[in-house]
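Have a look at the sequence and the model before reading on.

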Amino acid sequence: EVATTHIVQRTGGFGTLDVASSGGDARVFLNGLPGGLTSVVADAATGTASLGISGGFTAGTVSGRNVALHGGGGTVNAAAITVSGGDYTATAPAWAGAALNPGGTIRNLSITDTDGGLTLTHALTVTGDLRLESHGGLTSAHALVAGGDVDASAAGDIDLISATAGDDILIRSAGGQVVLRRAELTGAGAGRDLNITAAGDLVLGASDDLSIAASNVFSRSGGGAGRAELSSNGGDVRVHLAASDRIDAATAVSSILVSTSTGKAHLGAATLTGTGNNRLTVRAANGDAVLGAPASGAVTSANIVTSASAGAVVEAVAANGRVDVNLDRIVNANLTTVSGSEGVAVRVVNGSLRIAEADSANGAVLIDGPDGALTVERLTADTASRISAGGDVRLLSAAVSDDLSVTSVAGALALGDTGPASVVDVEGALSLKAATGITQQAALQAASLGVTSGGGVVLLGDNRVARLDGVT
């Protein structure tokens, strides 16, 4: 081992300085190196080429099974770096040459920038884990590919074009925003996670819907399972992708948007921490939109939407597909718009629920409300639809081109409210069922009407009903 007080001095100058080992390690640890190293070569099968120069260094060829570089307070500069199946580790405040572009076959790679920022100049591909750390910002316009984890952290902003991992993708900014344009998990089996945390805004995919390209995807190409979680401690979460696997949970201050241009948009749970006007949107331009569990029978307590401020806006829209909302509960928020051209299904298990607008141009609207009260302000559907809840149910207005059933399993049912006159217009059969009473303040129009009530029925006289199927 060379003591840290040792230094190489070139008093008269000389042409080359080579350090080589044919059967083991080649190590250079110095306080300073006035000139350059021509080569540091360790055994390609077993050796580690190590350079630790406190003031930085310039080297020609550095090679070995493993390569470890430490620049101290100066620039790490190597003309060529070759790793023969082992690990590459580099720590420095500044970089030049091939220091950020090592060659060969690399198992694990770790690069730490100790100064103001790290900008990668080439794509990095490893068979194991790829770890990047910056005490400033972190930027890469080139792909990061790992057979294990891609793990990137920075004190400032992070902007990455692409991350592909066989295991996990972990991105963390302690003091800035995070932008990741593409994420791909290639591993099979369980425990393949995407986890992104930002102090500011978090963007997965393109900057906005108009900028979405085919390359903006989040996928699990290896068929693996795991969780995808996005969290912003001080900003918004925006997902703009061509196609996306499920995002299990998202946390932001005032706004969460999950939007796709060609595939399904799916968000499992959402938390809005702001105390102002909060908004959650799940939107698919040419696919289905799902908020909550993938199916109504798969809802768990983790499938929730919660807002720190009351009256948060929640939208789920599929312009050319279905909308499915499968939640355990919604806290301090309303389903403002639930719109799917090919159908809408809403299942909320607990609490109370208010839906401002539920519509489907070509399909049914099926609302299975919570154990508490349910209010639907407006329902529009093309095929037979239903509304059902455990508590009191109120439907203000509806336009259905087929049958409609409205049921309160354990409470009362009310049509309309005390405001302006509204209409429940059903071209087929209208079925009303309530455990207690049924009251009407909206005009009814239907081909037939069937009423079942455990506590009496009050109907207005100006209804347009062709046939009364029965009143029980």
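1. Confidence. Keep in mind that this is a predicted model. The mean pLDDT of the protein chain is 93, and 96% of its residues reach 70 or more. The stretch to treat separately is residues 1–14, where pLDDT stays under 50. The model has 18 contacts beyond four places in sequence for those residues, but I leave them out of the points that follow.

2. Strand 2 and its two faces. In a regular strand the side chains alternate between the two faces of the sheet. Strand 2 pairs with strand 4 (residues 48–53) in the parallel sense, over 5 bridges. If you want a residue pair to start from, Ala26 has Ala49 as its bridge partner in strand 4.

3. Asn66. You'll find Asn66 in strand 6 (residues 66–70). With 17% relative accessibility, Asn66 counts as buried, because the cut-off for that label is under 20%. The side chain of Asn66 makes a polar contact of 3.1 Å with the side chain of Thr48. Leaving out residues up to four places away in sequence, Asn66 also touches Gly47, Ala49, Gly86, Asp87 and Arg107.

4. Side chains of opposite charge can pair when their charged atoms come close. For Arg131 and Asp149, the salt bridge is 3.9 Å, N to O. That pair links distant parts of the chain, with Arg131 in strand 14 (residues 130–134) and Asp149 in the loop between strand 15 (137–146) and strand 16 (150–154), 18 residues apart. I'd note that 3.9 Å is to be read against a salt-bridge limit of 4 Å. Arg131 and Asp151 also meet in a salt bridge, at 2.9 Å, N to O. Asp151 lies in strand 16 and Arg131 in strand 14, so this pair ties together parts that are 20 residues apart in sequence.

5. Is Arg131 buried or partly exposed? Arg131 is partly exposed, at 32% relative accessibility. Asp149 is buried at 13%, and Asp151 is buried at 11%.

6. Another salt bridge. The search of the whole structure finds 18 salt bridges. One I'd also look at is Glu377 with Arg354, where the closest N and O atoms are 2.8 Å apart. Glu377 sits in strand 41 (residues 374–381) and Arg354 in strand 39 (residues 353–359), so the pair ties together parts 23 residues apart in sequence. Glu377 is partly exposed, with a relative accessible area of 27%. Arg354 counts as partly exposed too, at 35% relative accessibility.

7. Thr260. Thr260 is in strand 28 (residues 255–260) and is buried, with a relative accessible area of 2%. What does Thr260 contact, leaving aside its neighbours within four places in sequence? The residues are Leu241, Ala242, Ser244, Ala265, Arg283, Ala284 and Ala285.

8. Asn332. This is a backbone point worth a look. Asn332 has a positive phi of about 60 degrees although it is not a glycine. Asn332 lies in the loop between strand 36 (329–331) and strand 37 (333–340). With a relative accessible area of 35%, Asn332 is partly exposed.

9. Strand 42 and its neighbours. Why call strand 42 (residues 385–389) largely enclosed? Because 4 of its 5 residues are buried, strand 42 is largely enclosed by the rest of the structure. Strand 40 (residues 365–368) runs parallel to strand 42 and is joined to it by 3 bridges. Leu366 has Arg386 in strand 42 as its bridge partner. Strand 42 also pairs with strand 44 (residues 404–408), again in the parallel sense, over 5 bridges. Here the bridge partner of Ala389 is Ser408, in strand 44.

Conventions:
Residues numbered from 1 in each chain as written. Predicted model: local features only at pLDDT ≥ 70, side-chain atom pairs only at ≥ 80, totals over all residues. Heavy atoms only, no water. Buried < 20%, exposed > 50% of the residue type's maximum accessible area, 1.4 Å probe, protein only. Polar contact = N/O pair within 3.5 Å; in protein donor to acceptor, adjacent residues only side chain to side chain. Contact = heavy atoms within 4.5 Å. pLDDT = per-residue confidence, 0-100. Pairing = 2+ DSSP bridges. Salt bridge = Lys/Arg side-chain N within 4 Å of Asp/Glu carboxyl O.
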